[in-house]
Amino acid sequence: MLPECQLFGTLGCHLCEQAEGLLMPLVERGLLVELLDIADDERWVDEYGLRIPVLRRADSGEELDWPFELEQVVLFLQR
């Protein structure tokens, strides 16, 4: 079973759009990814403003910073 994840990003971020596209094959196979806009929370801006996009596992809080490839995401989800 795949862990639920959050993808931190913001509108107009081309890297965030790339990350979303990269995750789509996994989403089509059942991965749940909540898209979170860092502009919605000042703490997120402070934490992720220079790092987005960031993929975060909801179960462990472990994070994977961009740039990442599909193979890296698969390994990240199996930990």
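Does Leu11 count as buried or exposed?

Analyst: Leu11 counts as exposed, at 76% relative accessibility (exposed is over 50% relative accessible area, buried under 20%, partly exposed in between; 1.4 Å probe, protein chains only). This is a predicted model, in which local features need pLDDT of at least 70, side-chain atom pairs count only at pLDDT 80 or more, and totals for chains, interfaces and linings use all residues. Residues are numbered from 1 along each chain as its sequence is written, and side-chain values use heavy atoms, with hydrogens and water left out.

Leu11 sits in the loop between S1 and H1 (DSSP runs numbered from the N terminus: helices H or I, at least four residues; strands E, at least two). Its C-alpha atom is 8.7 Å from that of Ala39, although 28 residues separate Leu11 and Ala39 along the chain.

Leu11 also belongs to the lining of the largest pocket, where Gly9, Thr10, Leu11, Glu20 and Leu35 are the closest to the centre among 13 lining residues. A pocket here is an open set of points on a 1 Å grid over the protein atoms alone, where a 1.4 Å probe fits, with protein on both sides within 12 Å along at least five of seven lines; lining residues have an atom within 4 Å of a point. The largest pocket holds about 160 Å³ of space. Strand S1 (5-9), helix H1 (14-27) and strand S2 (33-37) each give its lining at least two residues.

In contrast to Leu11, which is exposed, Cys5 is buried at 3% relative accessibility, and Cys13 is buried at 13%.

Conventions. Grid points are joined across faces, edges and corners, and a volume is the space filled by probe spheres set on the points.
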